[in-house]
Amino acid sequence: MRSLVASADPQVRSWRLGTAARVFALALVTGQVLSTETTSIALLGVLALGCVVGAIALMDLPPHGSRHVFLPVGEGVAAAGVVLVAASGTGAHSLLLYLAVPATLAGLRHGAGLTLVTWLSTALGSLVIGLGLGGAPWLGAATWLVLGLAGGLLTGALTRADRAAAREIQPHLAARHLVGQLRELVEHDRVDLDVERRAEAVLATAAEALAGQDQVRPRRGEVFVAADGRRVRRVHGRGAPLAGSATVVAKAVRRGDAVHERGVLALPLAAGGTTYGAVVLPVAQKPSVAVLHAVGARLGVGALRLDTAVLVDRARAGATGAERRRLARELHDGVAQRAVALGYLADELIEDTDAQVAGIAAQLRDEVDALVLELRRSVHDLRSGAGEGLGTALRRRLEATLTGPGAPALLLEVDETGPRLDPAQEDEVLRVAVEAAGNARRHAGAGQVRVSLTCDGDALDLVVTDDGIGGAEPRNGHYGLHTMRERAALLHATLSVERAGSGARPGTRVHLHRGAGSTQHHTTSARTGAQDAGSLPASGEGTR
């Protein structure tokens, strides 16, 4: 209640003003009745009118009250019934004052259109009730109805600008309120919004529910969600992917019902009346309808929790994309332009100074050129979309990295099967591959870089091998290997960096590996990876 008193929300302010007007009119009517009429019917009319005012105020309470646009219409009809019943035959004409309130408040909060609708409803209700009762105070009722219409039209015209401003700011206030609630829940650990943990909980619930219905407890399983309402993506799995699971999931999402094909059972996941995904389990025979209903009932709460986590994850991904575009603009318009200007200064030093300084300036110019090239690649990477697929994106990024004079040759092998990885995970894989290939070019003097990627939607193997000098270790000011290890931890994978061979140019082999089902233990893996990120092997590719 304190928030309603102190809030700056236009809906709350409007509710406070309307409630104050109703209470003032009720108090005025009560005072008039107590000072002039003392009949029991008049007193009961005041009491009934107070009940109407209280009920309307509660129904109009923000934030749900804004949905009841035609609430003033109901208030007008109810007030007409109470007032005319109490005033007819008793002379308690003071009650008629309230007939002006519904139309006036409709104009104040909603404008002239609803004022007319409310006034017509109140007038029609008064006419019908008055004719039914007989002896109604027509002149007094008509007087207050006309005053109510005039008041509604006038207040509607005077508050038009305020209502327009409130409509403009309301979505932002609602978004701020929701984000604030979400932040409070997350910061105080009241809800777990990790998609993989929520998906694992759903998978475990489905397996336990089937086992409790005299079914064999599945040891494998997958959880899918619809990424854009049509395409489904795998968010969690236990064991190797099931053959044909994506097709069965698409059917289950489209139908909103369980689908069983070729030993694979897809149980739909729904929240808010919408089917958004499915949990897939290997089941030899389709369970009975009763069993499916029982399992579906067990999945209800877990499905809602998973849907909430997915929605938050999508919002976070959208914010990340916006931040990437902002960084791209700043790099292009700020840092890159300053680097180009620094190159021009180096050119002037080369032309106007002695041979020793000119040699240093030439080296500076080469470093600036390399910096500008890296900045342009970074801008391109930040602006690139995530819809082209991992293999295609990997080829494009590697070709952009290994281009120009002296660049090593690229040999790329990609074997993708099963569903796609999450876009965020694809980005981490791409960055590890690009960093390893870039190290081979910048620091190892490699003549060839061989990249092999194998991914089935769960298990992952990325191997980057070069024929460079090898044998270097991380040094202060160079964070390439450290960053790759951190990215491996985010993928719940392991990263090894070792010599690829022997001799004067042994080369280096960077291996990123994630086994099937590794993501279900991601909490431990991420913690271990983060702890190990600072201890890298004393081998690598040049100064990383």
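## Packing of α4 against α6

In this predicted model, helix α4 (residues 71-87) packs with helix α6 (residues 112-133) at an angle of about 25 degrees, and their axes lie 8 Å apart. Because angles under 35 degrees count as roughly parallel, α4 is described as roughly parallel to α6. The crossing in which α4 passes α6 is right-handed.

On the α4 side, the residues that meet α6 are P72, V73, G76, V77, A80, G81, L84 and V85, while α6 contributes L114, V117, T118, S121, T122, G125, S126, I129, G130 and L133. By residue class, this contact of α4 with α6 comprises 10 nonpolar and 8 polar residues, with no charged ones.

## Nonpolar cores

The largest nonpolar core contains 31 residues, and L394, V429, V451, L462 and L512 are those with the most contacts inside it. At least two residues of this core come from each of α13 (390-401), α14 (423-442), β7 (448-455), β8 (460-466), α15 (480-490), β9 (494-499) and β10 (508-514), with the largest share, 7 residues, supplied by α14.

Within the largest core, L512 is one of the residues with the most contacts; when neighbours within four places in sequence are set aside, L512 is in contact with V432, L460, D461, L462, A488, L491, A493, T494 and L495.

Apart from residues up to four places away in sequence, D307 touches A271 and Y276.

Conventions
Residues numbered from 1 in each chain as written. Predicted model: local features only at pLDDT ≥ 70, side-chain atom pairs only at ≥ 80, totals over all residues. Heavy atoms only, no water. Core = buried A, V, L, I, M, F, W, Y, C linked by side-chain atoms within 4.5 Å. Buried < 20%, exposed > 50% of the residue type's maximum accessible area, 1.4 Å probe, protein only. Helix = DSSP H or I, 4+ residues; strand = E, 2+ residues; numbered from the N terminus. Contact = heavy atoms within 4.5 Å. Axes fitted to C-alpha atoms, helices over the stretch in contact; angles between N-to-C directions. Parallel < 35°, antiparallel > 145°, perpendicular 65-115°, else oblique. Left-handed = near helix turned anticlockwise from the far one by under 90°. Nonpolar A, V, L, I, M, F, W, Y, C, P; charged D, E, K, R; others polar.
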